[in-house]
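Here are my notes on the model you sent over. Have it open in your viewer while you read.

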Amino acid sequence: MKQSFLMVVLSFCVFSQYAISQEIVEAPEKYTAHNKGKFYIFWGGNRESYSKSDIRFKGSDYDFTLYNVEAHDKPKGWHCDYINPLRMTIPQTNLRIGYFINDHYNISIGVDHMKYVMYQDKTVKYSGYYPNAGSYNENPTSDELTLHEDFLTFEHTDGLNYINTEFSRVDDISTLFCKTLNTDKFQINVTEGLGAGILYPKTNTTLLGKDRYDAFHTAGYGLSAKVGLNFTFFKHFFIQTELKGGYINMNDIRTTSNTSDHAEQDFWFFQQIIAFGGIFRI
């Protein structure tokens, strides 16, 4: 009798373990557990700051360099233009589309639509020569002049377009905040990346009394690095914040309708980005 009872108990234990193991095996895997094969897209806005730069202007009858020129961005603030299809290129924006080649690494292409505006009415050092010196309210001395608008207006405002490819890594750090967090409902990721691309600015320029010029032109290249935080909600929607810095070198900036007129400059930039996006499998 005792042996029969022990056999029943033993059988019950074995069956229970099997049932539990089956539940564990058959539990559905979280969508957020793996990224390989997923696409993502995001759209957002940015603020920028720039290092000082030396700008050289060259033409058939002039060749001069302005030293340590300062510039600023042109923020729009929180505005409906960010979501108005007819006006989305007016603010400072970021668009990116990417694909995960494995669970941690993705490759993407995007446009950082920045704006660069030279400060007017600053006194700067200069060297070189240009015609009719002193007739543009620039008040030149032997090595200084004032950046009056009659002398020069110089803006990449539609814009300083950095078209680039990025290679990035993403890591889920949700468990650092909550061991039992359901990442299919809320997930926190950290991302880092390196990028490179071309500069395709539309430069708004008036120079030495010549007619205003404003046209798109491939002007140079850029390199960048970023770090950011990604907050994903309900598997498919996210907010991403990034800090991005880099180097821009433009050695062929169009300044007038005459192809012999051009400018060249290089500088460092720093962006603060907030973007909204989605992630999915096709």
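The points below go from confidence to salt bridges, strand pairing and aromatic rings.

1. **Confidence first.** Keep in mind that this is a predicted model. The chain has a mean pLDDT of 89, with 86% of its residues at 70 or more.

2. Where pLDDT is low, predicted coordinates should not be read in detail.

3. The structure holds 14 salt bridges. One of them joins the side chains of Lys-244 and Asp-112, at 2.8 Å from N to O. Lys-244 sits in strand β14 (residues 237-254) and Asp-112 in strand β6 (residues 105-118), so this pair ties together parts that are 132 residues apart in sequence. Are these two residues buried or exposed? Lys-244 is buried, and so is Asp-112. Lys-244 also meets Glu-166 in a salt bridge, at 2.7 Å from N to O. Glu-166 lies in strand β9 and Lys-244 in β14, so here the parts tied together are 78 residues apart in sequence. Both Lys-244 and Glu-166 are buried.

4. Which residues belong to the network of salt bridges around Lys-244? Arg-96, Asp-112, Glu-166, Lys-226, Glu-242 and Lys-244 are linked in it. If you want to look at charged side chains in the model, I'd begin with this group.

5. **Another bridge from β9.** The side chains of Asp-158 and Lys-202 meet in a salt bridge with an N to O distance of 3.8 Å. Asp-158 belongs to strand β9 (residues 152-172) and Lys-202 to strand β11 (residues 202-207), so the pair ties together parts that are 44 residues apart in sequence. Asp-158 is partly exposed, with a relative accessible area of 26%.

6. **What pairs with β15?** Strand β15 (residues 262-280) pairs with β1 in the antiparallel sense over twelve bridges. In that pairing, Gly-45 stands opposite Ile-274 of β15. β14 and β15 are also antiparallel, over 16 bridges, and Met-250 has Gln-265 of β15 as its bridge partner. Strand β2 (residues 53-59) pairs with β15 in the antiparallel sense too, over three bridges; the bridge partner of Lys-58 in β15 is His-262.

7. **Phe-39 and its surroundings.** Phe-39 is found in strand β1 (residues 39-50) and is partly exposed, at 29% relative accessible area. What does Phe-39 touch, leaving aside residues up to four places away in sequence? Its contacts are Gly-98, Tyr-99, Gly-278, Ile-279, Phe-280 and Ile-282. The C-alpha atoms of Phe-39 and Gly-98 are separated by 5.7 Å, although the two are 59 residues apart along the chain.

8. **Aromatic pairs.** A search of the whole structure finds 22 of these. One is Phe-39 with Tyr-99, a tilted pair with 4.8 Å centre to centre and 50 degrees between the planes. Phe-39 lies in strand β1 and Tyr-99 in strand β5 (residues 93-100), so the pair ties together parts that are 60 residues apart in sequence. Tyr-99 is partly exposed, at 32% relative accessible area. Tyr-62 and Phe-64 form another tilted pair, with 6.1 Å between centres and 45 degrees between planes. Tyr-62 counts as buried at 1% relative accessibility, and Phe-64 counts as buried at 0%.

9. **The ring cluster, and charges over rings.** Ring pairs link Phe-57, Tyr-62, Phe-64, Tyr-126, Tyr-130, Tyr-136, Phe-151 and Phe-154 into a cluster. For charges over rings, Lys-122 lies over the face of Tyr-119, 5.2 Å from the ring centre. Arg-281 lies over the face of Tyr-31, at 5.3 Å from the ring centre.

Technical notes
Residues are numbered from 1 along each chain as its sequence is written. This is a predicted model: local features need pLDDT of at least 70, side-chain atom pairs count only at pLDDT 80 or more; totals for chains, interfaces and linings use all residues. Side-chain values use heavy atoms; hydrogens and water are left out. pLDDT is the predictor's confidence in each residue, from 0 to 100. A salt bridge is a side-chain nitrogen of Lys or Arg within 4 Å of a carboxyl oxygen of Asp or Glu. Helices (H or I, at least four residues) and strands (E, at least two) are DSSP runs, numbered from the N terminus. Buried means under 20% relative accessible area, exposed over 50%, partly exposed in between (1.4 Å probe, protein chains only). Contact means heavy atoms within 4.5 Å. Two strands pair if DSSP finds at least two bridges between them. Rings of Phe, Tyr and Trp (its six-membered ring) pair if their centres lie within 6.5 Å; planes under 30 degrees apart count as stacked, over 60 as edge-to-face and the rest as tilted. A charge sits over a ring if NZ of Lys or CZ of Arg is within 6 Å of the ring centre and within 35 degrees of the ring normal.
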